[in-house]
Amino acid sequence: MLVEDSLVVRELLRHIVSRDPRLEIVGAVASGEEALTMIDVVRPDVISMDIRLPGIDGLETTRRIMTERPTPIVVVADSVEDSSLRISMNALRAGALSVVEKPVATTHAGYESIAGEICTQLRIMAQVPVIRRRPIGTEWAGRAPSARPTAAATGLQAPTVLGIAASTGGPPALARVLGALPADFPLPVLLVQHMGAAFMDGFANWLDGVVPLAVGIARDGEQAKAGRVYVAPGDRHLELGPNRSLRILDTAPVSGQRPAATVLFRAMARQCGASGIGVLLTGMGEDGALGLLDMQTAGAQTIAEHESTAVVYGMPAAAVRLGAARSVLPLDKVAGQILRLVDPEAAP
C-alpha cells in the first residue's frame with residue numbers, strides 16, 4: 001500500500017512499483033486516516049509511508065499501525081529537509097523498518113538508483129515479521145550522571161574502545177543501547193549503521209538528541225575521545241587507526257556494504273586486541289560477523305543481539321553461527337553487559 005499525499009509523487013511511486021513484477025499495489029491513499037481505514041480491507045504485506053501528511057502525519061500513522069495492525073513500513077522521505085529527517089528517524093523509532101529517498105522525477109540524475117532502492121526495500125521488508133512493540137523510551141532522562149568508572153581489577157584487559165553496528169531495525173536499537181549509557185561513559189564509541197548516504201547526517205543529529213552521549217559524523221584523522229559517538233559517514237568505511245585516530249575510507253564495499261561493520265571490527269581487532277568491545281545488533285545479511293570473529297580471536301569482548309529482540313536476525317545470527325559472540329543477549333541487556341565489561345564493580 002502506498003501512502004503519499006502528493007498526487008504527483010503518488011503516481012510516480014505507482015509507476016516505480018508497477019515496473020517490478022514481484023510487487024503488486026493493493027492500495028494508494030493520500031492521508032494517514034485513509035491508510036488506517038484501508039489497511040484492514042487490503043491487508044498489505046508492506047507499506048510505503050510518506051511522513052508529511054495532512055491531518056494525522058506519517059509518524060502518528062506509523063505508531064497506530066504498529067500498535068493496532070503491525071505491518072512492515074518503509075518510510076519514503078525527503079532527505080534534504082532537516083525536519084523531515086527528524087520525523088523519519090522518529091518513525092523508525094516507532095516501528096518503521098527502513099527509510100529511503102523520495103523520487104523527484106524520471107528525468108532526475110539519480111532517479112533509477114532511487115527507484116531501484118525503493119523496490120528493493122519494499123520487497124525485502126515485506127518478508128520481515130513484525131510484532132506489536134512498545135516505543136523506545138528515554139529511560140536515561142533525568143538520571144544523574146554516574147561516577148566515571150575506573151578499570152576494575154579483573155583478569156580481563158581494561159576496555160579502551162566500543163564498536164557497535166546495526167542495519168535494519170538499527171536506529172531504535174541503537175537509541176536503546178546508547179541511551180542506557182551514562183554521559184560520562186569512559187570509552188569512545190564507533191558506530192556503523194547501514195543507511196542511505198543522504199540520511200546519515202540526519203541520523204547522527206537525531207541520535208544526538210535522544211541519547212546522553214554526544215553524537216556526530218566521524219571525520220578522517222579525528223582523535224576518538226571518551227564519551228563521544230562517532231558515526232561512519234554515508235558510503236564510507238570507518239576504521240580505527242593508531243592512537244585512537246579515525247580513518248575514513250572509500251575502498252570497495254565489503255559484504256555489499258559501505259560502511260561495513262566488518263571493516264570497523266577488523267580494524268579494532270588490529271588496533272585494540274583484547275581491549276576492544278564489539279557489539280552486533282539487528283540487521284539483514286551477514287556484515288559484521290567475520291569482523292566480530294576477528295575481534296574475539298584477538299581476545300576482545302564480543303556481543304550479539306539475541307533472536308528474541310532482533311527486528312531482523314541476520315547479522316547477529318551469522319556471528320552466532322561462527323561462534324564470534326562471547327555473549328548473546330536480548331536488546332535490553334546489552335547496555336548492562338557493556339557497563340559490566342567497562343567496570344564490573346560499578347555496573348548495575
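Which residues in H6 meet which residues in H7? Select both helices and you'll see Pro171, Leu174, Ala175 and Leu178 in H6 against Phe203, Trp206, Leu207 and Val210 in H7, where meeting is contact, with heavy atoms within 4.5 Å.

Before going on, some ground rules. You're looking at a predicted model, in which local features need pLDDT of at least 70 and side-chain atom pairs count only at pLDDT 80 or more, while totals for chains, interfaces and linings use all residues. Residues are numbered from 1 along each chain as its sequence is written, and side-chain values use heavy atoms, with hydrogens and water left out.

**The whole chain**

Colour by secondary structure: the protein chain has 11 helices and 14 strands. Those are DSSP runs, numbered from the N terminus, with helices being H or I of at least four residues and strands E of at least two. Of the 348 residues, 56% count as buried; buried means under 20% relative accessible area, exposed over 50%, and partly exposed in between, using a 1.4 Å probe and protein chains only. Among contacts with a separation of 6 or more, 71% are between residues 24 or more positions apart.

**H6 and H7**

Back to the helix pair. H6 covers residues 170-179 and H7 covers residues 200-210; they pack at about 35°, with axes 10 Å apart. Axes here are lines fitted to C-alpha atoms, for helices over the stretch in contact, and angles run from 0 to 180 degrees between N-to-C directions. The crossing is right-handed, that is, the near helix is turned clockwise from the far one by less than a right angle.

Now show H6 with a surface on everything else. 10 of the 10 residues of H6 are buried, so the helix is largely enclosed by the rest of the structure. Arg176 is one of those buried residues.

**Gln193**

Next, pick glutamine 193, in strand E7 (residues 189-193). Glutamine 193 is buried, at 1% relative accessible area. What does its side chain reach at 3.0 Å? Draw the distance to the backbone oxygen of serine 167. That pair is a polar contact: N or O atoms within 3.5 Å, one able to donate a hydrogen and the other to accept it, with residues adjacent in sequence counting only if both atoms are side-chain atoms. Beyond its neighbours within four places in sequence, glutamine 193 contacts residues including Pro171, Leu174, Phe203 and Pro259.

Follow that last one. Proline 259 sits in the loop between strand E11 (246-249) and helix H8 (261-272), and a cis peptide bond joins it to arginine 258, with omega about 10°.

**The cores**

Select Phe185, Phe203, Leu207 and Ile338: of the 86 residues in the largest nonpolar core, these touch the most other members. A nonpolar core is a set of buried Ala, Val, Leu, Ile, Met, Phe, Trp, Tyr and Cys residues joined through side-chain atoms within 4.5 Å. A second, separate core has 27 residues, including Ala224, Tyr230, Leu238 and Met268.

**Ile56 and H3**

Jump to isoleucine 56, in the loop between strand E3 (47-50) and helix H3 (58-68). Isoleucine 56 is buried, at 15% relative accessible area. Its C-alpha is 5.3 Å from that of glycine 32, 24 residues away in sequence.

Step along to the start of H3, where a side-chain oxygen of aspartate 57 comes within 3.2 Å of the backbone nitrogen of leucine 59. In H3 itself, highlight Gly58, Leu59, Thr61, Thr62, Ile65 and Met66, which are buried. Look down the H3 axis: the buried residues fall within an arc of 160°, so they line one face of the helix. The arc is taken over directions from the helix axis to the C-beta atoms.

Arginine 43, in the loop between helix H2 (32-42) and E3, has a positive phi near 45° without being a glycine. Arginine 43 counts as exposed at 52% relative accessibility. Arginine 244, in the loop between strand E10 (237-240) and E11, also has a positive phi, about 65°, but counts as partly exposed at 29%.

Last stop: leucine 97, in the loop between helix H4 (82-94) and strand E5 (98-101). Buried or exposed? Leucine 97 counts as buried, at 4% relative accessibility, and among the residues it touches are Ile73, Met125, Thr168 and Val311.
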